[in-house]
Amino acid sequence: MKRIIFSAVASTALLAASGVSAQEIRVGALYPTSGGGAIYGGPAMEGHNMAVEEINAAGGINGRMLVTVARDTKLNPATAASAAKEMITKDKVDVIIGGLSSAVGLAVSEVARQEGVIYIATIPKTIQLTTTKLHPYVFRTASHTDFEGDAMAQLVKQSGGTKVCDIQPDYAYGHDLAAGLKAGLARHAPEVKVVADLRPKLGATDYNVFITQIMGAGCDVVTSGLWGSNFVNFAQQASPFGLFNQIKAYISGGEVASHEIAGKMGDDYPPNVISNTYELWYDHSVPGHQEFQEKVAARSGTKETAMWPVLAYIGVQFYAEAVRKSGGTNSDANVKALEGMTLMTPVGERTINPADHQANTGQFWGPMVKREGFAYKVMHPVTYIPAEIK
Amino acid sequence: MIDLIRDLSPGLATLLTNPQFAFIQLMNSISQGMNLFIIAAGLSLIFGVLKVINFAHGVFYMFGAYVMYSVSQEFGAPFWLGALAAAGALGLIALLIERTLFRQIYEAEHLMQLLLTFAIVLIMGDVAKIIWGTDQYSVSYPASMSGATDLGVTFYPTYRLMLCLIGPVILILLYWFAERTRWGRMTRAATQDREMLAALGVNVPVIYTSVFVIGSMLAGFGGALASPFSSPVPGMDATLIVDCFVIVIVGGLGSLWGSFVGALLYGLVFNFGSVIFPNAQDIFAFMLLLIVLLIRPWGLFGKPEAGGH
């Protein structure tokens, strides 16, 4: 206890000494950097730091330098909420950028609402963030479950399947993606039936009970939002049953087309997967992407890079532009600046809708296939499905 | 009648009308249970003799999976060599931990023991991140077990069948060791009265070390066997350790047969529960725990603690 008080006093003294003056812009970064979430939070933090360093190297914003205050969410909504609160009250951050997992996003957004500080959600996808839980201070540069579900529905239509088994992780993201998919199917392919709705808990290790239900349901397409190691475990357990060979397509949200999944699975990556990602290190169809990717590669020391850095990078890009436009760190002025803002990012042009604070972030989609020159399955052809619901 | 059931629970209706499906769920329960048994048996063995609740058991399991990945995927060694290497590596780590750390706390109060094992969880979790980074890895099935086997009734993944068989083999081996060997007799004696055993001239510390090493090797081996379907990733120990505690508490702490029956029950309750009530998968294992704790707080195969302290 003594130590906590001491460090609190010390950091307040430090703040006073360094003079959290009008001179620096304090940017709060919230990513999981320890525990299971570090796989994603670590690279995201790299992207964040890269953006901040680039801006500072170019002389800051109107002569003011960006300073990052980073805290660990541990992938836990309660931890994230208290970290957000501390960042605002103790570290005096001007903005919070980040969040990973929909549950964390909702928790941080609530703190931002109470404190009147801008929160830019770079990764959480639950639709609630920009609909039922929308408030003036929350913005999202990530995609969301309605866009993602709609894209999946278009792909179901293209696959020619008529009976769908849907398997989604049992939390906000999975439930919202399932709803987005169903709405999309009603628009694009009303003839398609969802014959099984399965909801394994997030982080489940044994999927056999669900796999055998899918096998018995007689569907020709499986849709899913199982992401990260959830997908790896599901695929490894479903392959011996021959699931991926018996269906037309496994259409998956949750970015399982990204390098960090496909590269690690190698030959174990199952066939007939059609999936999405925000960024592909080998696809330079967007101008400026190659330059960006090479910088990330230089930082990480590998030619192949993960998808997470660009998400955090874009969040910082938007806030920096808002400060440039409004001329300061006043939250309300920056809310105005962000509304309707258009920016060129390493993965394409993005505009924030002033009505719901959502960026028009589409994703790259395509089948995962073996190609010459690659050690593992890659997306080909790559199609950008824009963020629009018709 | 069946239509009424279908309205209430489509899964239950399928179970009742499709024997093949029911059989597959039974196999799923057994194979999941047997993998958990291998790990839980180690936890239970260590508690039975050392009287230490080893929270680090889960992290040992995670290390087993990582070692398996390194040996079989990075060095290209055969699958079973990888599994033995995982067990061996955990044996060595356990030897080191027992000799340097655990030895200090056998006489200490339970809280101290919990703190120590929890500290090991945190330290080893970070060490794993330093060695293997934070990526998730994928371990391939051994080539001969990547497909499915025809059981007459239905096809079932060969690898999972192997799990169903290896569980009982380990049970018999452990039972034989405990009941038929000198080491086993000493171990059982140590659970009852360590002072008396020491007074009789038996080197009790060596017994303790060997028990801790063997228990930890089981965790490593179990992690290696799980790695093809449960990808090595930071934090993979968190859910597993809870499952293991449910199993050993249901079965009775310290009882080998208890772990076996507890693991089987866990598999059955989880799998059939998930089919019948898909929206309440988590509840069943804990319901099982609750019921056992209400009726037999010392577990199905455990013995009530005699008297107070």
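Trainee: Why are H4(B) and H11(B) called oblique to each other?

Mentor: In this predicted model, helix H4 (residues 57-74) of chain B and helix H11 (residues 236-251) of chain B pack at an angle of about 130°, with their axes 8 Å apart. Angles over 145 degrees count as roughly antiparallel and 65 to 115 as roughly perpendicular, with the rest, once roughly parallel pairs under 35 are set aside, counting as oblique, and H4(B) and H11(B) are therefore oblique to each other.

Trainee: What is the hand of the crossing in which H4(B) passes H11(B), and which residues make the contact?

Mentor: The crossing of H4(B) past H11(B) is right-handed. On the H4(B) side the contact is made by B:His57, B:Gly58, B:Val59, B:Tyr61, B:Met62 and B:Ala65, and on the H11(B) side by B:Met236, B:Asp237, B:Ala238, B:Leu240, B:Ile241 and B:Cys244. Sorted by class, this contact has 9 nonpolar, 2 polar and 1 charged residues.

Trainee: What makes H3(B) and H7(B) oblique to each other?

Mentor: The axes of H3(B) and H7(B) come within 8 Å and cross at roughly 40°. The cut-off for roughly parallel is under 35 degrees, and roughly perpendicular begins at 65, so H3(B) and H7(B) are classed as oblique to each other. H3(B) passes H7(B) in a left-handed crossing. Among the residues making the contact are B:Met27, B:Ile30 and B:Phe37 of H3(B), with B:Arg160, B:Leu163 and B:Ile170 of H7(B), and by class the contact has 11 nonpolar, 3 polar and 1 charged residues.

Trainee: Which helices of chain B each supply at least two residues of the side that touches chain A?

Mentor: The contact takes 36 residues from chain B and 30 residues from chain A. Helix H3 (19-50), helix H7 (158-180), helix H12 (256-276) and helix H13 (281-295) of chain B each supply at least two residues of the side that touches chain A, and the largest share, 5 residues, comes from H3(B). That side of chain B divides into 13 nonpolar, 20 polar and 3 charged residues.

Trainee: How do you know what confidence the predictor places in the complex and in chain B?

Mentor: For the complex, the predictor gives an ipTM of 0.81 and a pTM of 0.85. Chain B averages a pLDDT of 91, and 99% of the residues score at least 70; within chain B, confidence is lowest in helix H1 (residues 2-8), at a mean of 82, and highest in helix H5 (residues 79-100), at 96.

Trainee: Which residues does a cis peptide bond join, and what is the phi of A:Leu75?

Mentor: The cis peptide bond joins A:His380 and A:Pro381, with omega about -5°, and A:Pro381 is found in the loop between strand E14 (378-379) and strand E15 (383-385) of chain A. A:Leu75 has a positive phi of about 65° although it is not a glycine, and A:Leu75 lies in the loop between strand E2 (66-72) and helix H3 (77-89) of chain A.

Methods
Residues numbered from 1 in each chain as written. Chains lettered and ligands numbered in written order. Predicted model: local features only at pLDDT ≥ 70, side-chain atom pairs only at ≥ 80, totals over all residues. Contact = placed C-beta atoms within 7 Å. Helix = DSSP H or I, 4+ residues; strand = E, 2+ residues; numbered from the N terminus. Nonpolar A, V, L, I, M, F, W, Y, C, P; charged D, E, K, R; others polar. pLDDT = per-residue confidence, 0-100. Axes fitted to C-alpha atoms, helices over the stretch in contact; angles between N-to-C directions. Left-handed = near helix turned anticlockwise from the far one by under 90°.
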